[in-house]
Amino acid sequence: MKKHFLILYATAVLGLLNASAQSFRPPSVPLVTFDPYLSIWSPADHLTDHATQHWTRREHSLVSLIRVDGQAFRIMGNDPTNVPPMPQVGLTVTPTRSIYEFEDTKVHVRLTFMTPALPNDLDALALPLSFTTWEVLSVDGKGHTVSLYDSTSSELVVNKTGEKVEWTREKAGKLTTLRIGTVEQPVLGSSGDDHRINWGYAYAAAAGNQSKAAIGADASLVNGFVSKGELPASDDTRMPRPVNDDQPVMAFVFDLGEVSSKPATRQVIVAYDEIYAIKYFGQKLRPWWRRDGATAAQMLQKASRDFPALAQRCAKFDAELTADATKVGGAKYAQMCAFAYRQCVAACGLAADPNNQPLFFTKENTSNGDIATVDVFFPMDPQWILLSPTLTKATLVPILTYASSPRWKFPNAPHDLGTYPIARGTDGGGEGMPVEESGNMLILCDAVSQIEGSAAWLAPWWPKLAQWAQYLEPYGL
């Protein structure tokens, strides 16, 4: 059964597997990915070839530099152009991590982006963040003076760069947390495909005893680090201002001192607090991580404390899924499964309904932005049937509930529920794909019931499923 669903999951990409496993590179490498709004990728062969960007291809700039014995190198981002890149010597993409390797004649740098998307732990999977971790060691037998720079752009919090933002810094336990957001805060006020979030707050957090922090103009902070290895003593106070006016960024500098053959490790957490995740038939739903009233500061502290255990669990999950997929289809198939897993997780928002049950909403990306599109989650759900039937149910329940309401007047399954993140229903029938969507829903409901050994969970919607089956009798063939 498990092999059957894993094979189904990758059927659409089997035609792409003729290239050698060693030559595989995602069209865009996932870096800081969580949902359709916190979704930052590198669309290049090397992390230093191009600015990092949102999935809509608008810049969501993450920058990282390293100084080795006073000389600066780029390790993430293509600016400043007068600073050379450190040679990239490796890239590995797993179901929960993207791992870059850099090396010159003096040091080796491993830069890891980890999103704890563990399918058997919704609390981990729902953390709205990614961990960025640097490991630096000497490769020539000598000690080297090393410092690191990292910045997160205010581009993360606006739909258009002319929108005004403001910022602050806070303490969250042992973490220094930097926060930025729009002035207007139009929470769940807009929707669409080529659209970025402009409500809630982006955070960058790091251990206070290991870092110096500043919020200020991108070019000024970068140039200060390149020339002196330093940040300003205080934050920029010229706010609010538009993102395209001396782009504000949240920056950290880490002084590693003299680095030897023993790795020195530092970390930044990039997170996003949406406040509300989904507008569901007029009701604002909290993100799953916020369902019991947790604050961003509490979430960041817990994530930082839990990182060692999360890292071990992610490595174990990556190894097990890769081994299973390799056994089924070989190394190339396993790599495609890893890419697809990352993309699917990043295309969905996880919210809590009024009864604190999970609802999992896809966004139809690079199309028209539909939410809960049946033919979009249909090819995604086989992986959740295998790894987390709860998440499969969480994609199906919104469609089942709406179709069973008096608002839906048709004998077939709906196509979608509106435009992400606003599920308002399509009372007029919406996009017409009646045969496909009815069949998709029946197949998925049957698959979950088979893997769980019971269809009891479908009892509230059994009349609707029977209606769809009867609809398909004359039309399905």
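Q: What makes the lining of the second largest cavity count as nonpolar, polar or charged?
A: Its residues divide into 7 nonpolar, no polar and no charged. The lining residues are Phe34, Leu125, Ala126, Val345, Cys348, Leu350 and Phe360. Phe, Leu, Ala, Val and Cys count as nonpolar, so that is the class of this lining. Keep in mind that this is a predicted model.

Q: How much space lies in the second largest cavity, and how many cavities of 30 Å³ or more are found?
A: The second largest cavity holds about 30 Å³ of space. Searching the whole structure turns up 2 cavities of 30 Å³ or more. The largest cavity has a volume of about 50 Å³.

Q: What classes of residue make up the lining of the largest cavity?
A: This lining has 6 nonpolar, 2 polar and 1 charged residues. Thr33, Phe34, Pro95, Thr115, Ala117, Tyr341, Arg342, Val345 and Ala346 line the cavity. Helix H5 (residues 331–346) gives the largest share of the lining, 4 residues.

Q: Why is Thr112 called buried?
A: Thr112 has 11% relative accessibility. Leaving aside neighbours within four places in sequence, Thr112 is in contact with Arg97, Ser98, Ile99, Phe131, Thr132, Thr133 and Glu135.

Q: How far apart are Ala325 and Met336, in sequence and in space?
A: They are 11 residues apart in sequence, and their C-alpha atoms are 9.3 Å apart.

Q: What span is expected for helix H6, and what does the model give?
A: H6 (residues 374–387) has 14 residues, and at 1.5 Å a residue the expected span is 20 Å. The helix reaches 19 Å from its first C-alpha to its last, which is close to that value.

Q: Where does H6 bend, and by how much?
A: The bend is about 45°, at Met380, and a proline, Pro382, follows within four residues. Both Met380 and Pro382 are among the buried residues of H6, which also include Val374, Phe377 and Trp384.

Terms used. Residues are numbered from 1 along each chain as its sequence is written. This is a predicted model: local features need pLDDT of at least 70, side-chain atom pairs count only at pLDDT 80 or more; totals for chains, interfaces and linings use all residues. Side-chain values use heavy atoms; hydrogens and water are left out. Buried means under 20% relative accessible area, exposed over 50%, partly exposed in between (1.4 Å probe, protein chains only). Contact means heavy atoms within 4.5 Å. Helices (H or I, at least four residues) and strands (E, at least two) are DSSP runs, numbered from the N terminus. The expected span of a helix is 1.5 Å times one less than its number of residues. The bend at a residue is the angle between axes fitted to the seven residues ending there and the seven starting there. On a 1 Å grid over the protein atoms alone, a cavity is a set of points where a 1.4 Å probe fits but cannot get out, and a pocket is an open set with protein on both sides within 12 Å along at least five of seven lines; lining residues have an atom within 4 Å of a point. Grid points are joined across faces, edges and corners, and a volume is the space filled by probe spheres set on the points.
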